[in-house]
Amino acid sequence: MGKSEKKRKAPEPGTDIPYGNGTIMKVKVSNFMCHKNLEVDLGPRINFIVGENGSGKSAVLTALSVCLGMKKAAKERSDRGMKGFIREGATQAKVEVSIRNVGQDALEPDLYGNVITVERTINATGAAPFKIRNQWGKEMGSSRDALTRVTDHFNIDVDNPIVVMSQDSSRQFLHSGKDSDKYKFFVKATL
């Protein structure tokens, strides 16, 4: 970054901005994969996470996917299921994802406010319940149905390989020389 450039941060929760409804504002993890504590602020448009090999970039995407209910995340990244995401030496992991809830298409803004936070705590038995919280921290639901209501409202589909493209998915797509395999990938992404 040059001297005249300032580091951009995601708006604070509660900030009213005219764009970006349904975008991810923040991913926060504790004892998740290789991270003891990490908080990543995201902008309302495109974001890049860069770093050295093994620095935990993929863990951020995995945390986002796990927190927002991806069904195959545990199978793809861990042979121990959900408990495989707990950092070595810890007894539980916690993942939080904050979603912007502003504008005309906000989900029940009187109840949720400008930010909806999805929280997931993974314990040593592999249980990983969801908690949906409003801007003020009040729990608004704790079931997969409550999560699906939020993700469906914002058209967030973490099971779609185009929405969340893991290293394995991108490698498979890029190295497939067959047009039929690329077409199958396209069909899966557009259903």
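Ala, Val, Leu, Ile, Met, Phe, Trp, Tyr, Cys and Pro are counted here as nonpolar, Asp, Glu, Lys and Arg as charged, and the others, Gly among them, as polar. With that scheme in hand, the lining of the largest pocket in this predicted model divides into 16 nonpolar, four polar and two charged residues. The pocket holds about 640 Å³ of space. Of the 22 residues that line the pocket, I24, L42, L61, L64 and V163 lie nearest its centre. Helix α1, spanning 57-67, makes the greatest contribution to this lining, with four residues, and strand β1 is also among the elements that supply at least two.

The β1 and β2 strands form a hairpin with two residues between them, and M33, located in the turn, adopts a positive phi of about 50°.

Finally, a word on the cysteines. The structure contains zero disulfides. C34 has a relative accessible area of 44% and is therefore classed as partly exposed, whereas C67, at 0%, is buried because its value falls under 20%.

Technical notes: Residues numbered from 1 in each chain as written. Predicted model: local features only at pLDDT ≥ 70, side-chain atom pairs only at ≥ 80, totals over all residues. Heavy atoms only, no water. Disulfide = S-S within 2.5 Å. Buried < 20%, exposed > 50% of the residue type's maximum accessible area, 1.4 Å probe, protein only. Pairing = 2+ DSSP bridges. 1 Å grid on protein atoms, 1.4 Å probe; cavity = no way out; pocket = protein on both sides within 12 Å on 5 of 7 lines; lining within 4 Å. Points joined across faces, edges and corners; volume = space filled by probe spheres on them.
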